[in-house]
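Have it open while you read.

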Amino acid sequence: MTQKFPFNHFLKLDGLSESPVAKINDVHPVIIEQAIKAVNPKESKTLSEEFSTDELKTITDALLENIKSLISPNKFHAYFANAFTVSAIKHDHVEIVVTTSFIKKIVETQYPEAIKQALFEILGKDYGIEIQVLGTSSGSLSSNTENILHSLKNKKADSVKNTTFFIEDLEPTKDDLFKAIDSQVIEHQTPYNSTQIDLNKTFNNFIIGPSNNIAHALAMAVAKEPGKTYPALYIYGNSGLGKTHLIHAIANYVQTNKPSIRICITSANRFMNEMVDSIKKNQSFDFKKQYTENTDILIIDDIHELKNKTTTQEMFFHIFNELISKGKQLVFTSDKTPKEIDGIEDRIRTRLSQALPVEIQQPDLETRIAILKKKAIEKDVYLSDDVVNLVAKCVKSNIRELEGCLIKLGAVTSILKVDIDLEVAKEHLKLNEELENQKHVTIESITKTVAAYYKIPLGDIRGKAKTKEVAQPRQVAMFLVSKMIKPTLKENGHYFSGRDHSTVLHAIKSISDRIKTDSQLAQQVLDIEKQL
C-alpha cells in the first residue's frame, strides 16, 4: 500500500531555529512507535519483562482516572489525556512517558505529589517517578509486540509496515507556523510554580517604577535583614505584575549573601497537598517540623488559595505563630488583601493582617517601556523604539502579557524570517494605537475603574453609603468625571443616585484642593487616569 502519511497533523513545531523535519518525539505515541518499527526494527528493545502491555495499560488508565479526580478538567485534558503513559515499573520507581517537553516540565513541577499519591492508592506502595519525553528515553521506550505504545486500537500494525511515506508531506503550512508561535507564547506565560528558586528572578533585573517601588524597597529590606526589619511581609496585586519575581529575588539575595539561612518557598496549594500527604502517611509531626524547625524564611505564593481549607488553615495557624515567636521571616503574596479573602477563619485573617501589606499596581507607560527594552536585550530580540512604544501604549494589563508580546515578536522573526516593524507588530499582536488613543471614556467606565482601583463594589460608589471607605472613592470618581467628560453638575450627580449639584461641586473642589497637598491621593488619582 502506498499513501501519504499525515505527519503535519501530528507534528508540534516548538523549535524556532529548527528546520521543519519530522521529529520522532513530536508525533502521537502510538503512531510513532509503529513508525519506528517500520523504519528500523533493530531499534526495538524490551520494555518491561515483568508487566505486560495490558497490565501497563490498566495501570495507566487507573492512574489517569485517579489524577482526573484531583485536578481541574481543563488541566487534565491539557497535560494528561492522550499525552501520558506508564511505560515501565521498576522495583522502586515508575517510568512515565509524556508527549512534549512542555508537558514534562508542567508535570514534574506541579503534579509529582498527585501522581505519587495516585500510584500509592493503586499499587499500595510508594514509588518514585521518572518522566521522559517520547523519543528521548534511552531504555524505557521499545517497539516490541508487548509495548503499550505499540498497539493501535482497531488498526493492524502491518498497515504501517506496508505504507510508504513521502518526505515532502512534512512541509509545514503557514497555519502550522502560526500555531507554533502561539504555543511558544502560551508556554512562556504559564506562571512559574515550583519549590525551586528561580535564579533568573533577581533584584538586579527587576524594573522599578512608581507602581512597584515601595514593594521593591520592602522586599530588599527583608532580604537584607530576614526576621528583623519586617518579620512578615504581604505583597498583593493583580496577576502578572511582579509579585512572584520579588519573592524569588528575596530568596536569591539571601541564598547568595547569607547561605546558612534556610529558605522554604512554596505555594498555598502545594502546602496543602504536602500536608494531606503527610496525614495519610501519619507523618503530620514531621511535616510541621519541616516548617517550624528547619526553616528560617517561609515564602508562600498565592496565600489566598487557603480559602475553604479548614484543616490546612489550622496547620498554617500554628506554623505562623511558632515562626513569628522564633523571630523567623514570613513572606506572602496574594491577589487580594487579607480582609478580601473569603473562606478563611478570622484568626487566619488576623495573622495575615499582622504582616506589612504592600501593593503592586499596574506599571505606568515609562515602566512598561523600560521592561520591554530590558527583556528584549535578555532575549536577543531587536525592536525599534517605535515598536516598543506601540506595544507599551497598547498593552497595559500586566508584565506577563508584555513579555508574551515580546516572545511572539521574537518567534515571528525566527519562524517567518521577517524584520519587526510597526505593521508586522500590529498584524501579529493585533494592536491598533489609533483605536487605543480614541477609546471612548464614559461616566460608567470612569466609575468602574475607580471602583476596581479602590477594590469596592461599583454599587457602593453609586449608592447612598456615606462611610469613609466609600466617600473618598466617590468624590474621586466625580472629580475625574468632571475633568475628563465635563458633564453638567446635574448630569454628574444623577449617575451617583441623584445627588444634587452642590454635593458634586463639593466633591470636585475637595479632591482638587487635596491633591495639591496630599501626595498619596495625587498619586492615586494619577494612577486611575493612566488606566483610563
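1. How many bridges join strand 6 to strand 7, and do they run parallel or antiparallel? There are 4 bridges between strand 6 (residues 297–301) and strand 7 (residues 329–334), and the two strands run parallel. Within that pairing, Ile 299 sits opposite Val 331 of strand 7. Helices (H or I, at least four residues) and strands (E, at least two) are DSSP runs counted from the N terminus, and two strands pair if DSSP finds at least two bridges between them.

2. Before going on, the ground rules. This is a predicted model, with local features needing pLDDT of at least 70 and side-chain atom pairs counting only at pLDDT 80 or more, while totals for chains, interfaces and linings use all residues. Residues are numbered from 1 along each chain as its sequence is written, and side-chain values use heavy atoms, with hydrogens and water left out.

3. On confidence: pLDDT is the predictor's confidence in each residue, from 0 to 100. The protein chain has a mean pLDDT of 77, with 76% of its residues at 70 or more. I'd flag residues 1–49, where pLDDT stays under 50 although the model has 107 contacts there beyond four places in sequence; contact means heavy atoms within 4.5 Å. Residues 434–438 also stay under 50, with 4 such contacts. Where pLDDT is low, the predicted coordinates should not be read in detail.

4. Now the overall picture. The protein chain has 25 helices and 8 strands. Among contacts between residues at least 6 apart in sequence, 75% join residues at least 24 apart.

5. Axes are lines fitted to C-alpha atoms, for helices over the stretch in contact, and angles run from 0 to 180 degrees between N-to-C directions.

6. The other sheet to look at is open, with 3 strands in the order 1-2-3 and mixed pairing. Strand 1 and strand 2 (residues 93–98) run antiparallel, joined by 5 bridges, and Val 86 has Ile 96 in strand 2 as its bridge partner. Helix 5 (residues 101–110) lies across strand 1, strand 2 and strand 3, at about 160° to strand 3.

7. Ring pairs link Phe 76, Tyr 79, Phe 80, Phe 84, Phe 102 and Tyr 111 into a cluster. Rings of Phe, Tyr and Trp (its six-membered ring) pair if their centres lie within 6.5 Å; planes under 30 degrees apart are stacked, over 60 edge-to-face, the rest tilted. Tyr 79 and Tyr 111 are both buried.

8. Lastly, His 245 in helix 10 (residues 243–257). His 245 counts as buried, at 12% relative accessibility. Not counting residues up to four places away in sequence, His 245 touches Lys 201, Thr 202, Asn 205 and Phe 206.

Terms used
Buried < 20%, exposed > 50% of the residue type's maximum accessible area, 1.4 Å probe, protein only.
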